[in-house]
Amino acid sequence: MDGVSFCVRPGEIVGLLGPNGAGKTTTINMVMGVLEPDSGFIAVEGSFLSTQRSNALSRMNFAAGYAPLPGNLTVYQNLRVFSLLYSVAHPRNRIDALLEQFDLRKFRHVKCGTLSSGEQTRVSLAKALLNHPPLLLLDEPTASLDPATARRIRLEIRSYVDESRAGVLWTSHNMHEVAEVCNRVLFLSRGRILLEGDPKTLPALHGKKNLEDLFVAVALEPLSIEQVSQ
Amino acid sequence: MNFHRVAAVLLRYAYLIRGSLSRVFPLFTWVAIDMVLWGYLTRYLNTITTSNFVPTLLGAVLLWNFFIRVMQGVTMIFFEDVWSRNFLNVFSTPISVGEYLLGLVLSSVTTSLIGLGVMLALATAVFGFSGMAYGAMAIPFLLVLFVYGISMGILGCALVLRLGPAAEWFIWPIPALLSPFVGVLYPLDILPAWMREVARVLPASYVFESLRSLVLGHAVSFAPVLWGMGLAGLHLFAACWVFRAVFRRAVRTGLIARYSSESVS
């Protein structure tokens, strides 16, 4: 990563876009404290990750398809353990509400390892909302979901943001999804932020028809895009 | 220190134990087999000699097994996170290294006490062992071995975190590697000089030397056990320091995020 600097404001969904290997997951790993940046700082609501790690991490949560919850515990047991890790008040009520919200009630006592990948993704999303995080990190949250479930999940997250005024950092390779849910996008290429702007107006500014065409241009010709943006 | 987060580590292990017979059986099966094996050997030795081997041999094996249970109690719970690839989920929560380690230690207290209870019941009921043979010294003996077991468990976790899941095979033989040096079954005098030098820095060797001295009726001295306790404390401090350093390195290099046997180098 090289000179990556950005903020996610309350109530804002920021899309982190870029080709494979651009640095999206690396950026998310840094924000959630499992990878230390060489320089610079990460702060959540005034808590610095480097010096107030527990405080900063208690203000965020994450979901990613590559980090399913332990398969040897049931859905309820996993959520109960993570509710303790995040010191959630009234955990039973919160878990019941999330099971309802993500249509997981029938899987309450089912081991996570026996769920389909889409169901596991929903469990991860339920975990991610346990502590009402002011910052939500979502790494391709709808990658393994069918279109109907993916739409429902997008609506759930949008409504969470509207109600809680949380900020969301969202990576996805689905440009239609990004255009639908994100207020702002950051295009990463080779560890640097190449472009930033409104997903609805950014493609036209760079002579592209839509976000997908812009994505392809960033992936294939990052230098030409960089020169235009400068 | 947030006790909710410590309790989370404990609760996770309780859920795993509750739902799995294959995790419950090892808590008492191996210690019971060891007690039966060494109990009958002790009984046989008592028939061909005039000495009573129960407090020196069976008692020493019982204490050494307690050390092994404590150590493995810590590493097993850590391995559960390794096997379920749970590091990313756990270490992106607000839990601190200290809280995580305390959770491992408290879980180990529970499992090792179960093992100790089973061993005491068998050794007492079947082979006539009496903890009273050690008097009040039984408590410091157990305490030194407990602290030492915890420190070796934490050191084992640090090694696996640093070297990858495949390194768990370095951890299981650690007690077998230590046992010749600490003199579980024989006095340290019979060891060559270089092995005695190694034994000096191992807290458990002071326990087993004191145990034999006590049973043979020599004057009870607290000094060696206190020395053993001090050494065990030092080992614990060093193990925590090593784990913290390995964890920091894992965060600096991104190891936590991509932890698997294939990706650790």
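User: How do α3(B) and α10(B) cross, left-handed or right-handed?
Analyst: The crossing of those two helices in chain B is right-handed. Keep in mind that this is a predicted model.

User: OK, and at what angle do the axes of α3(B) and α10(B) cross?
Analyst: Roughly 155 degrees, with the axes coming within 10 Å. For orientation, α3(B) covers residues 54-83 of chain B.

User: Which residues make the contact between α3(B) and α10(B)?
Analyst: On α3(B) they are B:Pro55, B:Thr56, B:Gly59, B:Ala60, B:Leu63 and B:Phe67. Facing them from α10(B) are B:Ala204, B:Val207, B:Phe208, B:Leu211, B:Arg212 and B:Val215. Sorted by class, that contact has nine nonpolar, two polar and one charged residues.

User: What about α10(B) and α11(B), how do their axes lie?
Analyst: Helix α10 (residues 203-215) and helix α11 (residues 223-253) of chain B have axes that come within 7 Å and cross at roughly 160 degrees. They are therefore roughly antiparallel to each other. The crossing of α10(B) past α11(B) is left-handed.

User: Which residues of α10(B) and α11(B) are in that contact?
Analyst: From α10(B) you get B:Pro203, B:Tyr206, B:Val207, B:Glu209 and B:Ser210. The α11(B) side brings B:Pro224, B:Val225, B:Trp227, B:Gly228, B:Leu231, B:Ala232 and B:His235. In total, the contact splits into eight nonpolar, three polar and one charged. B:Val207 turns up here, and B:Val207 is also listed in the contact with α3(B).

User: Now α1(B) and α5(B): parallel, antiparallel, perpendicular or oblique?
Analyst: Oblique. Helix α1 (residues 3-18) and helix α5 (residues 97-127) of chain B cross at roughly 40 degrees, and their axes come within 8 Å. The roughly parallel class takes angles under 35 degrees, so this pair counts as oblique instead. The crossing is right-handed.

User: Which residues of α1(B) meet α5(B)?
Analyst: B:Arg5, B:Val6, B:Val9, B:Leu10 and B:Tyr13. Their partners in α5(B) include B:Tyr100, B:Leu102 and B:Leu106. Eight residues of the contact are nonpolar, two polar and two charged.

User: Switching to chain A. How many helices and strands are there?
Analyst: Chain A has 10 helices and eight strands.

User: In what order do the six strands of the sheet run?
Analyst: The order is β4-β5-β6-β1-β7-β8, in an open sheet with mixed pairing. From one strand to the next, the twist averages 20 degrees.

User: In which sense do β1 and β7 of chain A pair, parallel or antiparallel?
Analyst: Parallel, over four bridges, with β1 spanning residues 13-17 and β7 residues 184-189 of chain A. Within that pair, A:Leu16 is opposite A:Leu186.

User: What is the radius of gyration of chain A?
Analyst: 18 Å. A compact globule of 230 residues would be near 17 Å, so the value for chain A agrees. Along the principal axes, its C-alpha atoms fill a box of roughly 55 × 40 × 30 Å.

User: Last one: how many residues of chain A are in contact with chain B?
Analyst: 24 residues of chain A, which meet 24 of chain B. Both α2 (53-57) and α3 (75-85) of chain A supply at least two residues to that side, and α3(A) gives the most, with six. By class, the chain A side has 14 nonpolar, eight polar and two charged residues.

Terms used
Residues numbered from 1 in each chain as written. Chains lettered and ligands numbered in written order. Predicted model: local features only at pLDDT ≥ 70, side-chain atom pairs only at ≥ 80, totals over all residues. Pairing = 2+ DSSP bridges. Axes fitted to C-alpha atoms, helices over the stretch in contact; angles between N-to-C directions. Parallel < 35°, antiparallel > 145°, perpendicular 65-115°, else oblique. Left-handed = near helix turned anticlockwise from the far one by under 90°. Contact = placed C-beta atoms within 7 Å. Nonpolar A, V, L, I, M, F, W, Y, C, P; charged D, E, K, R; others polar. Rg over C-alpha atoms; globule rule 2.2 N^0.38 Å.
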